[in-house]
Amino acid sequence: MEQEHQQRTSVRLVVVDPELDAQCERVEQHLLVPLAGAPREGADHALFAEGLAAFRRVRATLAEAVARGPRVWTPNGRWEHEGLRVVQLPAEETDLLYALLRELSGALVASPQPSGGVAAFLGDVSAEGESATGLVGALARVLSMVDLAPDADTDVLFTTLRTAAGDEEVRLSYAQEEAWQRLAHRVTMLLTESAPLHRFLY
């Protein structure tokens with residue numbers, strides 16, 4: 001049973017910051033809630049309802065991880081890297097969200113049907129100037145953040161945080177700090193598609 005649980009659960013490194021929170025709120029309120037609440041029947045509607053529930057569970061897990069710690073500090077101990085956490089997410093949650101993303105991405109390029117459907121719904125989406133493409137793109141960015149492809153930098157930071165005892169605070173070495181700065185650049189590009197001049201400076 002324990003082995004089965006480990007297979008269904010993925011432990012990963014995540015950076016939770018206000019920009020990710022904003023993207024999550026945008027996706028939930030302007031895309032997933034309207035989709036799940038739209039009068040529609042069939043497999044796609046079940047996927048949207050289940051996807052919204054999974055998305056909310058992922059957000060709750062991220063919030064719990066941030067509150068739990070450990071807090072992570074720069075080598076000089078002056079600045080905190082808030083939101084750098086190891087998070088345990090059930091694989092079925094992210095699998096479901098990827099399935100939802102595939103459905104929505106396909107609907108973006110599909111012709112709206114006379115009877116409505118997902119493509120028609122996305123064609124009608126208009127919330128505070130948002131486009132359907134922008135909202136689906138925001139969902140893709142959120143997924144890329146909670147499922148970061150591992151590299152040498154994530155490996156270094158993941159090991160550092162995983163070996164911390166309980167809620168013990170972590171002070172990065174200078175080599176680990178360099179790994180963080182590279183990861184911060186990568187995260188900024190994923191979330192904002194812009195040069196990271198104003199975020200993660202410390």
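Me: Which side chain meets that of Glu169 in a salt bridge, and what is the distance from N to O?

Reply: Side chains of opposite charge can pair when their charged atoms come close. In this model, which is a predicted one, Glu169 meets Arg71 in a salt bridge, at 4.0 Å from N to O. Glu169 sits in the loop between helix 7 and strand 4, while Arg71 sits in the loop between helix 3 and strand 2, so the pair ties together parts that are 98 residues apart in sequence. Glu169 is partly exposed, with a relative accessible area of 45%, and Arg71 is partly exposed too, at 37%.

Me: How many salt bridges does a search of the whole structure find, and which residue pairs with Arg12?

Reply: The search finds 9 salt bridges. One of them joins Arg12 to Asp147, whose closest N and O atoms are 3.0 Å apart. This pair links distant parts of the chain, since Arg12 belongs to strand 1 and Asp147 to the loop between helix 6 and helix 7, 135 residues apart. Arg12 is buried, because its relative accessible area of 9% is under the 20% cut-off, whereas Asp147, at 32%, counts as partly exposed.

Me: Which residues are joined when salt bridges share partners, and what is the distance between Arg59 and Glu28?

Reply: Arg59 forms a salt bridge with Glu28, and their closest N and O atoms are 2.9 Å apart. Arg59 lies in helix 3 and Glu28 in helix 2, so that the link spans parts of the chain 31 residues apart. Glu28 is buried at 8% relative accessible area, while Arg59 is partly exposed at 23%. Through salt bridges with shared partners, Glu25, Glu28, Arg56 and Arg59 are joined into one network.

Me: Where does Arg85 lie, and which side chain of opposite charge is nearest to it?

Reply: Arg85 lies in strand 3, which covers residues 84–90. Arg85 is buried yet has no salt bridge, and the nearest side chain of opposite charge, that of Glu80, is 4.5 Å away; a salt bridge requires a distance within 4 Å. Polar atoms of the Arg85 side chain do lie 3.2 Å from the backbone oxygen of Ala65 and 3.1 Å from the backbone oxygen of Val66. Among the residues that Arg85 touches, leaving aside those up to four places away in sequence, are Arg12, Gly69, Arg71 and Leu161.

Me: How far apart are the end C-alpha atoms of helix 4, and what span should its residues give?

Reply: A helix can be checked by comparing its expected span with the distance between its ends. At 1.5 Å a residue, the 18 residues of helix 4 should span 26 Å, and the end C-alpha atoms are 26 Å apart, which agrees. Buried residues of helix 4 include Leu96, Leu97, Leu100 and Leu101. Leu96 is 7.9 Å from Glu50, C-alpha to C-alpha, although 46 residues separate the two in sequence. Glu50 is found in helix 3 and counts as partly exposed at 45% relative accessibility.

Me: How many helices and strands does the protein chain have, and what share of its residues counts as buried?

Reply: The protein chain has 8 helices and 4 strands, and 46% of its 202 residues count as buried. Among contacts between residues at least 6 apart in sequence, 72% join residues at least 24 apart.

Methods: Residues numbered from 1 in each chain as written. Predicted model: local features only at pLDDT ≥ 70, side-chain atom pairs only at ≥ 80, totals over all residues. Heavy atoms only, no water. Helix = DSSP H or I, 4+ residues; strand = E, 2+ residues; numbered from the N terminus. Expected span 1.5 Å × (residues − 1). Buried < 20%, exposed > 50% of the residue type's maximum accessible area, 1.4 Å probe, protein only. Lys, Arg positive; Asp, Glu negative; His and termini not counted. Polar contact = N/O pair within 3.5 Å; in protein donor to acceptor, adjacent residues only side chain to side chain. Contact = heavy atoms within 4.5 Å.
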